[in-house]
Each structure stands twice: as C-alpha cells, then as structure tokens.
Amino acid sequence: MNLFDVYSLFDVTPVKAKGCRVWDNAGQEYLDLYGGHAVISIGHSHPDYIAALTDQLNKIGFYSNSVKNPLQEMLAQKLGKACGYEDYSLFLDNSGAESNENGAKLASFHTGKDRIIAFNKSFHGRTSGAVALTDNPAIVSPFNANHKVTFCKLNDAQSVENELAKGDVAAVIIEGIQGCGGINIPEVSFMQSLRSLCDKYNAVLILDEVQSGYGRTGKFFAHQWYDIKPDIITMGKGIANGFPCGGILISPKFNAVKGMLGTTFGGNYLAMAAANAVLDIMNREQLIDNALKVGEYIKSNIPASTKIKEVRGKGLMLGIEFNEDVAPIRKALLFEKHIFTGVAGKNMIRLLAPLCLTMSEADEFLKAFNEVL
Ligand SMILES: Cc1ncc(COP(=O)(O)O)c(C=O)c1O
C-alpha cells in the first residue's frame, strides 16, 4: 500500500531531536526555526516532558470521557492561571480544526443562528466547518462549501457591521495573528470594534489562537495584545508539544448541556500528561518572555535588503516578506545551512521556532540568513 500522496516532502528524515535541534537519519544536525509548524513550544524531547509521558504510560494510557480524569481538571486549573482566564471553562479535543469546529458549533447552539463571519486570508483548518471558514477555495470541496460563511476584509469593521446587522450571524472568527495567510496582525482598534460589534448584535467572538497562542507571540494569547476578551478561544499546536491535543476556552456566559460537545480521544491521559508538563515547563523556564525577547531580537536584526519587502510579527511568530519567490532561499537554508523554516504563500519565509530558542541560536540563524540572501 502507498501513502495517499498529498504532502510535498523535503528529502529529509528526522530521527532525533533535542531543544531546537533535529538530526536526520544520516546524522546531519539542523537548527529548527519551524517547530514542526508552530507545534514545538517547550523544545524537542524536554526531559521533564518525556518523564511525564513515560510515567503516565506506565500508569494508564487510555480510558474514556465517561469516567473522571483528574489530569483534565489539573490542566484546567493550570491553564486558567497561566492565561488569565480562570473564570472560563475548558473543553478538550484533539486538533486545531476540531477546536474551531467546536467553537463554531457552540456559538451556533448558543445564539440559534447559523452564519459565521471569517476574514480574507484566514486559515482555520481542514475539517468541514473549519475549511469552510478558511479563505482558500482550492481546499474547500463542494460538500464543505454548504456552510453559511461570509468573508470580510481584515480591519474593515464597517463591512463586519453590515453583515452582523442582517441578524443571522452566530459568530465572528478571527486568528490572533493570521499565520498561513502571511503573518497579518489585525489593528488594535479593529479588534476592539469586533468585540463591541459582537456584543451589539448578539454574536459570539471566537479567537483562533491555534497558531498564535500558547506563548508564541510573547503573551499567552495574541489577542491579549489588543486588550479584548473573546467569548471562545480555540487552541491546538503548542498545547502538548506535539502530542495531538486541542481545546477551547469558553466564557461563563455559555451553558453546558450534556452531550452538546464530545470526543473519544479529547483530554486523554497521555495528552493531559503532555499538556500539564508543557505548562509547568513554560512557567518554570519563562518561555513566553523568552519568545518575546528572542523574537524581537531576530525581527530587528534581519538585514536590510532590496529583496525584502517587510518583516512583521510578534515574538516567535515572524514573517519575512520578500519581493520574490522564497523557495530558493528556504531550500538554501535547509540544505546548505541546515536550518528548518516555514513559508506563507510564495513570498514569505515564516519563522515559528520553539519558544526556547536561545540568543546564540538566533545569531546562528541571522548569520546563515545573511549568507543565503
Ligand atoms: C490558525 C490555525 N487554525 C487552525 C489550524 C488547524 O489546526 P490542525 O492542523 O491542528 O487541525 C491551523 C493549522 O495550521 C492554524 O494555523
């Protein structure tokens, strides 16, 4: 049997990783400024993370959500403290897309309405509702396209109000910072308008923090830069450092009804052991502060070049936008300098390093980047 061939692969086979380093099957070492697409938060193979998962596996690996699991409550307590949303509730699932599905579903249950506003260049995942909320027709099948979704322009509050005024909008969903769409940071005043417009028209404000959350931008959630409180916050990626896990934070104004949300694997013991270890390590090693410090250092030291149009982002969620296709630069970084980076579209190198990236690793990247420019 062959694998269903949907991924464009680099000819690299990682077999080992530690901190911000990855080794391939030929023993070649790489510096990781991609974090497996913003997933590695505390660094690869952290000893305390390995110990937590190993210990849990030796106790119990899985049971269902029909019995008590104190590790879920432990995570809710820790997470509430870490992100400042102690009065919100936590629902646990398995991925970013599933978190957005659950956020959208909850908003629709709560309001009784069925249309959702998303934004141009958004990415919210690949499951049915999440991909319908994603502004990329190439990945939306006719089946997915039946959802009622309207795309508005980022930073255009008037167009959002025009849609909300029609009275059928359950929710507005927006990324804290657009990731796949090209590291687009919404204006603070726009985000504050979204908050008040959602209140005015009884719509739910959903912040997709799957990529921009969990410390990546130098605050726990990117929306905390804008001084707003969403009704629902969706999470994934860095939450368990690579163990599949997602979740949503839900404002106290929502009532839980038995059976309205559910999942077989969400909140399982191993994911919880991983997610609890991630928060402990983030806290102990002050990784959010580190992400801000090292990210700002990289941003302000990207060399000036006629090839580069703009450098933008916050913390360790950075985009270097070029005036040209970045594929050759990314390839040179990977195969000549042995540095993993990401892209957004054709013209942007996207950096999503583990939050433990050191200043000397940042310097190593800057030197290599300068050389391949
Ligand atoms: C902002 C955002 N939302 C949702 C998702 C989907 O997450 P997952 O791939 O875990 O389903 C992604 C993945 O890249 C993302 O960047």
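Lys-16 counts as partly exposed, with 13 C-beta neighbours inside 10 Å; a residue is taken as buried if 20 or more other C-beta atoms lie within 10 Å of its own, as exposed if 12 or fewer do, and as partly exposed in between, with C-beta atoms placed from the backbone. The structure is a predicted model, in which local features need pLDDT of at least 70 and side-chain atom pairs count only at pLDDT 80 or more, while totals for chains, interfaces and linings use all residues. Residues are numbered from 1 along each chain as its sequence is written. Lys-16 is placed in strand 1 (residues 14-18); helices (H or I, at least four residues) and strands (E, at least two) are DSSP runs numbered from the N terminus. The C-alpha atoms of Lys-16 and His-44 are 8.9 Å apart in space, and the two residues are 28 apart in sequence.

Helix 2 (residues 47-59) has 13 residues, which should span 18 Å at 1.5 Å a residue, and its end C-alpha atoms are 18 Å apart, in agreement with that value. The expected span of a helix is 1.5 Å times one less than its number of residues. Tyr-49, Ala-52, Leu-53 and Gln-56 are buried in helix 2. Viewed down the axis of helix 2, these buried residues fall within an arc of 90°, so they line one face of the helix; the arc is that of the directions from the helix axis to the C-beta atoms. Pro-47, Ile-50, Ala-51, Thr-54, Asp-55 and Asn-58 are exposed on the other side of helix 2.

The buried residues of helix 2 pack against helix 8 (269-284). Two packed helices are described by the angle between their axes and the distance between the axes. For helix 2 and helix 8 the angle is about 155° and the axes are 9 Å apart. Helix 2 is therefore roughly antiparallel to helix 8. Axes are lines fitted to C-alpha atoms, for helices over the stretch in contact, and angles run from 0 to 180 degrees between N-to-C directions. Angles under 35 degrees count as roughly parallel, over 145 as roughly antiparallel, 65 to 115 as roughly perpendicular and the rest as oblique. The crossing of helix 2 past helix 8 is right-handed; a crossing is left-handed if the near helix is turned anticlockwise from the far one by less than a right angle, and right-handed if clockwise. On the helix 2 side, Asp-48, Tyr-49, Ala-52, Leu-53, Gln-56 and Leu-57 meet residues of helix 8, among them Tyr-269, Leu-270, Ala-273 and Ile-281. Two residues are in contact if their C-beta atoms, placed from the backbone, lie within 7 Å.

Helix 8 also packs with helix 3 (residues 70-83), the two axes coming within 9 Å and crossing at roughly 30°. This angle makes helix 3 roughly parallel to helix 8. Helix 3 passes helix 8 in a left-handed crossing. Helix 3 contributes Leu-71, Gln-72, Met-74, Leu-75, Lys-78, Leu-79 and Ala-82 to the contact, and helix 8 contributes residues including Tyr-269, Met-272, Ala-275 and Leu-279.

A further helix pair is formed by helix 6 (residues 157-164) and helix 7 (residues 188-200), which pack at an angle of about 15° with their axes 10 Å apart. Helix 6 and helix 7 are therefore roughly parallel to each other. The crossing of helix 6 past helix 7 is right-handed. Ala-157, Val-160, Glu-161 and Leu-164 of helix 6 make the contact with Phe-190, Ser-193, Leu-194 and Leu-197 of helix 7.

Helix 11 (residues 359-372) has 14 residues and reaches 20 Å from its first C-alpha to its last, close to the 20 Å expected at 1.5 Å a residue. Its buried residues are Glu-361, Ala-362, Phe-365 and Phe-369. These cover an arc of only 100° around the axis, which puts them on the same side of helix 11. Met-359, Ser-360, Lys-367, Asn-370 and Glu-371 are exposed on the other side of helix 11. The buried residues of helix 11 pack against strand 3 (29-32), helix 9 (287-301) and strand 13 (339-340).

The loop between strand 8 (204-208) and strand 9 (232-235) contains Tyr-214, whose phi is near 55°, a positive value in a residue other than glycine. Tyr-214 is buried, with 33 other C-beta atoms within 10 Å. Asp-227 lies in the loop between strand 8 and strand 9 and has a positive phi of about 60° although it is not a glycine. Asp-227 is exposed, with 10 other C-beta atoms within 10 Å.
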